[in-house]
Amino acid sequence: MTDDVPPPEGGAESACESADPPDWRREFAQEARSERPDLARLCLLIGAVADPTVTRHDLDGAEIELDRLAGLVPYATRITGDWTTALAELLGRRAGFEGVPSDYQRLESSLLHAVLRRRRGLPILLSVVWMEVARRAGAPVYGLGLPGHFVVGFGDPADLNLADPFAGGRAMTGTDAELLVTSATGEALDRSMLRPAEPGAIALRVLNNIRAWAAPRPERSDVALWAVELSLLLPSHPARLRYERAELLVQRGAFLTGATEMEAYAQVMDAVDPESATTIRRRAQAARARLN
């Protein structure tokens, strides 16, 4: 990384910040349910819930860093339209944003404020950086959630003008996208996979990655729980997350609350899958038995 694009420096908490701790979950819910959710803010609020040391000053600093990077995009790019080359040069080569396999083992790889500091992250978070910098610079940018990998696109989605921020901004063709999907799923690329991702869907995918990180780490069930709870605040989410939350509550010792939520979910399942509903009720009964 060269000196012309330094990483942001951490700062002390603003003196004007309220003595009461911010309710980051409430702010996340409000943003998620707004008319036009702000992607950067959703991702930053996920990081604030994850990291108790994060302050509002830190979130403001992250937004300022995105603004600063956008200001470094050559103005001529608005005329040439060669956003992939310009952003690969700025974010990939000069700023050093890219990913490595070990990033999948780090929780901070899913937290936007940490990705901006470390210049490392999962494909979806590096794509968020690209999207937010590009959007601020005036680019027609969108995110594309291909199976197993998230990339960015520019212009008309039908043109498949794509870039892979995890690879430092390597340009991708439609054939590259097809090969990526085939290697991840064993199936051919379906045109439905090429729809630009909305902010809420991107936030849900970020939270899914966090849940996947926590799943093999039972000692971090706290992370899995807050990731599920934030997912449930999104307007659109899988109904099964309610059952996953109940299971996590039982795992963490909240047997009565978890059992009650399992039973509520079983009532929902009665109409669509009575056999599963019966199984869930048995698990709820087993959870209640652990109170004795």
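A residue counts here as buried when its relative accessible area is under 20%, as exposed when over 50%, and as partly exposed in between (1.4 Å probe, protein chains only). The model is a predicted one, with local features needing pLDDT of at least 70 and side-chain atom pairs counted only at pLDDT 80 or more, while totals for chains, interfaces and linings use all residues. Numbering runs from 1 along each chain as its sequence is written, and side-chain values rest on heavy atoms, with hydrogens and water left out.

Ser110 sits in the loop between α5 (83-94) and α6 (112-118); helices are DSSP runs (H or I, at least four residues), numbered from the N terminus. Ser110 is classed as buried because its relative accessibility is 5%. With residues up to four places away in sequence set aside, Ser110 touches Leu122, Leu125, Val206, Asn209 and Ile210, a contact being heavy atoms within 4.5 Å. Ser109 belongs to the loop between α5 and α6 too, and at a relative accessible area of 0% Ser109 is buried. Beyond its neighbours within four places, Ser109 is in contact with Asp103, Val115, Arg118, Gly121, Leu122 and Leu125. The Ser109 side chain also gets to the backbone oxygen of Asp103, at 2.7 Å.

Next comes helix α7. Its 15 residues (123-137) should span 21 Å at 1.5 Å a residue, and the end C-alpha atoms do lie 21 Å apart, so the two values agree; the expected span is 1.5 Å times one less than the number of residues. Most of α7 is covered, with 13 of its 15 residues buried. Just past the helix, Gly138 adopts a positive phi of about 100°.

Side chains of opposite charge can pair when their charged atoms come close. Across the whole structure, 21 salt bridges turn up, each being a side-chain nitrogen of Lys or Arg within 4 Å of a carboxyl oxygen of Asp or Glu. One of them joins Arg135 to Glu132 at 2.7 Å, N to O. These two are three residues apart in α7, so about one helical turn separates them. Glu132 is buried at 4% relative accessibility, whereas Arg135, at 42%, is partly exposed. Both residues belong to a salt-bridge network that also takes in Glu63, Asp67 and Arg136.

Glu261 and Arg245 form a salt bridge at 2.3 Å, N to O, linking distant parts of the chain: Glu261 is in α12 and Arg245 in α11, 16 residues apart. Glu261 is partly exposed at 25% relative accessibility, while Arg245 is buried at 18%. Glu263 bridges to Arg288 at 2.8 Å, N to O. That pair, too, connects distant parts of the chain, from α12 to α13 (residues 274-289), across 25 residues. Glu263 is partly exposed at 28%, and so is Arg288 at 30%.

As for the rings, there are two aromatic pairs. Rings of Phe, Tyr and Trp (its six-membered ring) pair if their centres lie within 6.5 Å; planes under 30 degrees apart are stacked, over 60 edge-to-face and the rest tilted. Tyr243 and Tyr265 count as stacked because their ring centres are 5.7 Å apart and their planes at 20°. This pair links Tyr243 in α11 (residues 241-251) with Tyr265 in α12 (residues 255-269), 22 residues apart. Both tyrosines, Tyr243 and Tyr265, are buried.

Key: Polar contact = N/O pair within 3.5 Å; in protein donor to acceptor, adjacent residues only side chain to side chain.
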